[in-house]
Every structure is written in C-alpha cells, then in structure tokens.
Amino acid sequence: MAKKSKVVKELKRQALVEKYAEKRRELKAKGDYEALQKLPRDSSATRLHSRCSVSGRPRGYLSKYKVSRIVFRELAHQGRIPGVKKASW
C-alpha cells in the first residue's frame, strides 16, 4: 500500500487540473503564456501520474484496468476481472 500522503497529494493535483482546465485552454488559445505561468504548477495535466485505484501504487500501472500489475494478478486469479483467465499450454 502506498503512503496515504502521496495518494492524497495526487487527488489534490487531479482536482486542480479539473478546476483550471478551461482557463488553461483559453490562455493557450490566446497565446498568453505569461498569464499561463502564473497559474499553479499542479494545474498542468502533465504533472499527473497514474496510480492504482486499489493500492495506490505508482509503478506497474495497467491503464486499461486502472490497477497495478500486482492487484491485477490477484483479481484475475480470483476471477473478478471478466474475460481474463490464466494462460496454460
């Protein structure tokens, strides 16, 4: 499990990105880069990092399922992910 502080910080970043998305879009269209620089740093979508929705793990993230590779494996073995089964040959 990831540190709670890191998970909460990422959620705050997501909220800021959503809050300033329209304003950033307008400023970019106008070409007003000085005003764009005055916005909070965390309001940029490039600062977001994908995290597992179950464990909060930042690495080994599978975007299709929105979980990390470890959680994916556990859920797949339990049969909780439809259409996924263990390969055997």
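Student: How many salt bridges does the structure hold?

Tutor: Side chains of opposite charge can pair when their charged atoms come close. In this predicted model, the structure holds four salt bridges. One of them joins arginine 13 to aspartate 42, with 3.2 Å between the closest N and O atoms.

Student: Which parts of the chain does the pair of arginine 13 and aspartate 42 tie together?

Tutor: Arginine 13 belongs to helix α1 (residues 4-30), while aspartate 42 sits in the loop between α2 (33-37) and β1 (61-62), so the pair ties together parts that are 29 residues apart in sequence.

Student: What pattern does the protein chain follow along the sequence?

Tutor: The secondary structure of the protein chain consists of three helices and two strands. Read along the sequence, these elements follow the pattern α-α-β-β-α. The radius of gyration of the protein chain is 18 Å, well over the 12 Å given by the globule rule for 89 residues, so the chain is more spread out than a compact globule. Along its principal axes, the C-alpha trace spans about 60 × 30 × 15 Å.

Student: Which domains does the domain assignment give?

Tutor: The assignment divides the protein chain into domain 1 (1-49) and domain 2 (52-88). The C-alpha centres of domain 1 and domain 2 are 28 Å apart.

Student: What is the area buried between domain 1 and domain 2?

Tutor: The size of an interface is often given as the accessible area lost when the parts come together. Here the area buried between domain 1 and domain 2 is about 270 Å², and carbon and sulfur atoms give 62% of it. In domain 1, Met1, Ala2 and His49 lose the most area to domain 2, together 89% of what that side buries.

Student: How many residues are in contact, and of which classes are those on the side of domain 1?

Tutor: Four residues of domain 1 are in contact with five residues of domain 2. Between the two domains there are zero salt bridges, and one residue pair is in polar contact across the interface. The side of domain 1 that touches domain 2 has three nonpolar residues, one polar residue and no charged residues.

Terms used:
Residues are numbered from 1 along each chain as its sequence is written. This is a predicted model: local features need pLDDT of at least 70, side-chain atom pairs count only at pLDDT 80 or more; totals for chains, interfaces and linings use all residues. Side-chain values use heavy atoms; hydrogens and water are left out. Domain bounds come from an automatic or database domain assignment. Contact means heavy atoms within 4.5 Å. Buried area is the accessible area (1.4 Å probe) that two parts lose on being put together, summed over both. A salt bridge is a side-chain nitrogen of Lys or Arg within 4 Å of a carboxyl oxygen of Asp or Glu. A polar contact is a pair of N or O atoms within 3.5 Å; within protein, one must be able to donate a hydrogen and the other to accept it, and residues adjacent in sequence count only if both atoms are side-chain atoms. Ala, Val, Leu, Ile, Met, Phe, Trp, Tyr, Cys and Pro count as nonpolar, Asp, Glu, Lys and Arg as charged, and the others, Gly among them, as polar. Helices (H or I, at least four residues) and strands (E, at least two) are DSSP runs, numbered from the N terminus. The radius of gyration is taken over C-alpha atoms; the globule rule is 2.2 Å times the number of residues to the power 0.38.
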